[in-house]
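Please find below a short note on the model under review.

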Amino acid sequence: MNLGFIGLGAMGELIVPRLMAAGHAVTGWNRSHAKAEPLIKAGMHFADSPRAVAQTSEIVFSIVTDAAAVQAVALSEQGIISGLRKGGIYIDMSTIAPDTSRAIAAEFTKAGLIMLDGPLSGSPVTVKAGNASIMIGGDEAAFERVKPVLLAIGPKVTRIGGNGLACQMKIAVNLLLMVEVIAFGEAIALAEKGGVAREVALDAVLKSVAASPVLGYRGPFILEGKMPEVPLADVTLQQKDMLLALELGRKLGSPVPLAAAANEMMNACRGLGLDHNDFVVAHQVYRRLGGQS
């Protein structure tokens, strides 16, 4: 198929090669042309606007930073909506508020087009390994049309329900992920404070019933005391998702006290100037608060 991809950042630059490897022709766009150069060399076409991408594509994906960026690439004069042909499908993989996603989808419906929310659950590690999962919100028939393409990105593709519900589920999953990783740092710091060697504490956790894939690939960052040069998800990005969870909890009247606590740890990370790191750096904050070097 002829596919379009908007946003060639940390995730987009990994997804596009998987789509091309599956035999699809991909046309991409990114605000920074330099970011696209490795993909262009690998065979991706480059267009000068989201609209131009959509004009050549049967399905257009986007994965950008926040709701404002989604609105800009989707609904502006040079946006996807102005270039997508009848029968085309737009899939936004960004993590944004459900109501915002539904509002954008409504504009596509008015134009006789289809938008699905399709946030991806995973990190660069899981995308590279081919283990990312994709959740879809929107029209069921459209989901069935795009599912074979989505399976080129990752093996776990699930329709959650109507428009916006995949975004809601992604926020819930990220809440769980955030609390899990923060609690991981808290547990290791507590064990260390009581005299357990860090490597012993880490090994014990990863052999326990509390172990999980995300702790497995973030554990080495704690063990070495060094954060990766390129964060899997830095403090600022992860806190953006926690603020979405807190706002969603407020709107729905659903208590999210653990999300609030995790968010406060992100505030502490930022206050200590650690926000450029992967958010597992909270372990270092716990150590400082506990009087450990």
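1. The model is a predicted one, and the remarks below should be read accordingly. The first topic is the packing of two helices. Helix H8 spans residues 165-193 and helix H13 spans residues 282-289; their axes lie 8 Å apart and form an angle of about 40°. An angle between 35 and 65 degrees is neither roughly parallel nor roughly perpendicular, and H8 and H13 are therefore oblique to each other. The crossing of H8 and H13 is right-handed.

2. Which residues make the contact between H8 and H13? On the H8 side they are Ile182, Gly185, Glu186, Ile188, Ala189 and Glu192. H13 contributes Ala282, His283, Tyr286 and Arg287. Sorted by class, the contact of H8 with H13 comprises 5 nonpolar, 2 polar and 3 charged residues.

3. The largest nonpolar core contains 36 residues. Within this core, Met178, Ile182, Phe184, Met266, Cys269 and Phe279 touch the most other members. Two or more residues are supplied by each of H8, helix H9 (198-206), helix H10 (213-224), helix H11 (235-252), H12 and H13. H8 provides the largest share of the core, with 9 residues.

4. When neighbours within four places in sequence are set aside, Met266 is in contact with Met178, Ile182, Val235, Gln239, Phe279 and Ala282. Another core, of 33 residues, lies apart from the one described above; Val16, Met93, Ala132 and Ile136 are among its members.

5. Neighbours within four places in sequence aside, Asn263 is in contact with Gln239, Met242, Leu243 and Leu246.

6. Pro213 belongs to helix H10. Because its relative accessibility is 66%, Pro213 counts as exposed, the threshold being over 50%.

Conventions. Residues are numbered from 1 along each chain as its sequence is written. This is a predicted model: local features need pLDDT of at least 70, side-chain atom pairs count only at pLDDT 80 or more; totals for chains, interfaces and linings use all residues. Side-chain values use heavy atoms; hydrogens and water are left out. Axes are lines fitted to C-alpha atoms, for helices over the stretch in contact, and angles run from 0 to 180 degrees between N-to-C directions. Helices (H or I, at least four residues) and strands (E, at least two) are DSSP runs, numbered from the N terminus. Angles under 35 degrees count as roughly parallel, over 145 as roughly antiparallel, 65 to 115 as roughly perpendicular and the rest as oblique. A crossing is left-handed if the near helix is turned anticlockwise from the far one by less than a right angle, and right-handed if clockwise. Contact means heavy atoms within 4.5 Å. Ala, Val, Leu, Ile, Met, Phe, Trp, Tyr, Cys and Pro count as nonpolar, Asp, Glu, Lys and Arg as charged, and the others, Gly among them, as polar. A nonpolar core is a set of buried Ala, Val, Leu, Ile, Met, Phe, Trp, Tyr and Cys residues joined through side-chain atoms within 4.5 Å. Buried means under 20% relative accessible area, exposed over 50%, partly exposed in between (1.4 Å probe, protein chains only).
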